[in-house]
Amino acid sequence: METDLILDRTGLDDARRQEVEDLVALAGRLREAYVDGELSTPVTTRELVRIAQFIQDDFMDLKAAAKSELVARVSEYDETLVETYIAKRL
């Protein structure tokens, strides 16, 4: 459902669906880390939409876009964890 919402809000075509699904899976894992107390900042759908907007027209690749958006929004303490999940899952 979140994948479809992101595709709809950004206008990305279905050819980018797998990238968006990977992004949503990453967000799911980061949300689990937040619930488990490993991460102090939750990931929002709004942030995922912004990341998807960055990959439109190949402005950025998915990994760079995720780093740009997510690492900038977490505390210094959480940066390493977020960067590790991005490296492993995207």
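Predicted model: local features only at pLDDT ≥ 70, side-chain atom pairs only at ≥ 80, totals over all residues.
Colleague: Is R29 buried or exposed?

Modeller: Buried means under 20% relative accessible area. R29 comes out at 16% relative accessibility, so it counts as buried.

Colleague: How far apart are the closest N and O atoms in the salt bridge of R29 with E32?

Modeller: Side chains of opposite charge can pair when their charged atoms come close. R29 and E32 both sit in helix α2, 3 residues apart, which is about one turn of the helix. E32 is partly exposed, with a relative accessible area of 44%. For the closest N and O atoms of this salt bridge, the gap is 3.4 Å.

Colleague: And what is the N to O distance in the salt bridge of E38 and R29?

Modeller: With a relative accessible area of 33%, E38 is partly exposed. Its side chain meets that of R29 in a salt bridge, and the N to O distance is 3.8 Å.

Colleague: The side chains of R73 and E69 meet in a salt bridge, but is E69 buried or exposed?

Modeller: The N to O distance for R73 and E69 is 2.4 Å. R73 is partly exposed, at 41% relative accessible area. E69 has a relative accessible area of 5%, so it is buried.

Colleague: Which element gives the largest share of the largest nonpolar core?

Modeller: That core has 26 residues, and L30, L48, I51, L70 and V82 have the most contacts inside it. The elements giving two or more residues to it are α1, α2, α3, α4 and α5. The largest share is 7 residues, and it comes from α2.

Colleague: What kind of aromatic pair do F54 and F59 form?

Modeller: A search of the whole structure finds 1 aromatic pair. F54 is partly exposed at 24% relative accessible area, while F59 counts as exposed at 62%. Their rings are 6.5 Å apart centre to centre, with 35 degrees between the planes, and the pair is tilted.

Conventions: Residues numbered from 1 in each chain as written. Heavy atoms only, no water. Core = buried A, V, L, I, M, F, W, Y, C linked by side-chain atoms within 4.5 Å. Buried < 20%, exposed > 50% of the residue type's maximum accessible area, 1.4 Å probe, protein only. Helix = DSSP H or I, 4+ residues; strand = E, 2+ residues; numbered from the N terminus. Phe/Tyr/Trp six-rings, centres within 6.5 Å; stacked < 30°, edge-to-face > 60°. Salt bridge = Lys/Arg side-chain N within 4 Å of Asp/Glu carboxyl O.
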